[in-house]
Structures are given as structure tokens and as C-alpha cells.
Amino acid sequence: MSTWLIYALLSALMAALVAIFGKIGLQNLDPNTATAIRAVIMALFLVGVVVVQGKLNLISDILANRKALLFILLSGIAGALSWLFYFLAIKHGNVSQVAPIDKLSVVFAVILAVILFSEKISLIAAAGVALITLGALMVALG
């Protein structure tokens, strides 16, 4: 099995646990405050990973590259907004409906990759994107 596939499957599993743990943890709590606390925990955990890997000195490389820093900043803001909306959604809705709609991010990412990066997708891949869309809507709304 390819390394990227193992990491992608682990990512999917952890994302599922985020939804489950988040839904349990949000009971009687403000979702925005809970998201902020989650972000602090994530930041501390990830800084710990960088320290353990001995890569703390590489932070200066990112800080020196203004373009990279800008897009990492924008990615961070987009990620924070994604999680704010996600936690609001699971606070007020069912995980079994919110999670599939959230996975439409796959569809949006493919469309944006084609538009912004001129990535080519095959007819089979386009059919897969259409099926993801249809499947997400069927699971969430069906």
C-alpha cells in the first residue's frame, strides 16, 4: 500500500473522530469557544511534534519566505473558519448529516485545482467527483 494512501486513510479516520469527539464535547458549550480551545491544543501538540522531530529551526525558513508565509496564513484562516462552521454545524445538526456535506470539500478542492492550477482530471475522476457530490447529498439529505 502506498504511503500517501495510508496517511490519507489515517487522516480520514482522525477526521471522523473529530466529528464524534466534537459532538460529545460540545454539549451545553459555545462552539466558537470550544473551537478556539481545540485550536490551542492543536497548536501545542504540533509545536511538540516539530520540537521532537528537531525541526524547530526550520520555522525561520518559512518566516523568511513572504509568499509562503502569506499562503500559510491564508490556509490557517480558512482552516479556522472551516472548523468554526463545522463545530457550529455539528452543534446544531446531526454528525451523520454534517460530515458528508463537509466532505464536499473534496469536490470544491478538485474544481479549484482544475481552475487555479490547470490540473487535468480524467473522465473517470470527473465521474467520481460527481458521485461524491451525489453520495454526500444522498447521505445528508436522504
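## A walk along helix α4

Start by selecting residues 66-92, helix α4, together with residues 95-102, helix α5, in this predicted model. Their axes come within 8 Å of each other and cross at roughly 155 degrees. The cut-off for roughly antiparallel is over 145 degrees, so α4 counts as roughly antiparallel to α5. Look at the handedness while you're there: α4 goes past α5 in a right-handed crossing.

Now show side chains at this crossing. On the α4 side, pick Tyr86, Ala89 and Ile90; on the α5 side, pick Val95, Val98, Ala99 and Asp102. Colour them by class and you get 6 nonpolar residues, no polar ones and 1 charged.

For the side chains here, select Val18, Ala19, Gly22 and Lys23 in α1. They meet Trp83, Tyr86, Phe87, Ile90 and Lys91 in α4. By class, this contact has 6 nonpolar residues, 1 polar and 2 charged. Leave Tyr86 and Ile90 highlighted: both belong to the contact with α5 and to the contact with α1.

Next, colour by domain. The domain assignment puts 1-93 in domain 1 and 94-141 in domain 2. With that colouring on, α4 (residues 66-92) falls in domain 1 and α5 (residues 95-102) in domain 2. Taken over C-alpha atoms, the domain centres are separated by 21 Å.

Zoom in on where the two domains touch. Here 8 residues of domain 1 are in contact with 6 residues of domain 2. Between them the domains bury about 530 Å², with 75% of that on carbon and sulfur atoms. Which three residues supply more than any other three of the area domain 1 buries against domain 2? Select Tyr86, Ile90 and Gly93: they supply 58% of it. Tyr86 and Ile90 are the highlighted residues from the α1 and α5 stops.

Finally, zoom out and switch to cartoon. You'll find 7 helices and 0 strands, so to speak an α-α-α-α-α-α-α run from the N terminus on. Along its principal axes, the C-alpha trace spans about 50 × 45 × 30 Å.

Key:
Residues numbered from 1 in each chain as written. Predicted model: local features only at pLDDT ≥ 70, side-chain atom pairs only at ≥ 80, totals over all residues. Heavy atoms only, no water. Axes fitted to C-alpha atoms, helices over the stretch in contact; angles between N-to-C directions. Helix = DSSP H or I, 4+ residues; strand = E, 2+ residues; numbered from the N terminus. Parallel < 35°, antiparallel > 145°, perpendicular 65-115°, else oblique. Left-handed = near helix turned anticlockwise from the far one by under 90°. Contact = heavy atoms within 4.5 Å. Nonpolar A, V, L, I, M, F, W, Y, C, P; charged D, E, K, R; others polar. Domains from an automatic or database assignment. Buried area = accessible area lost by both parts, 1.4 Å probe.
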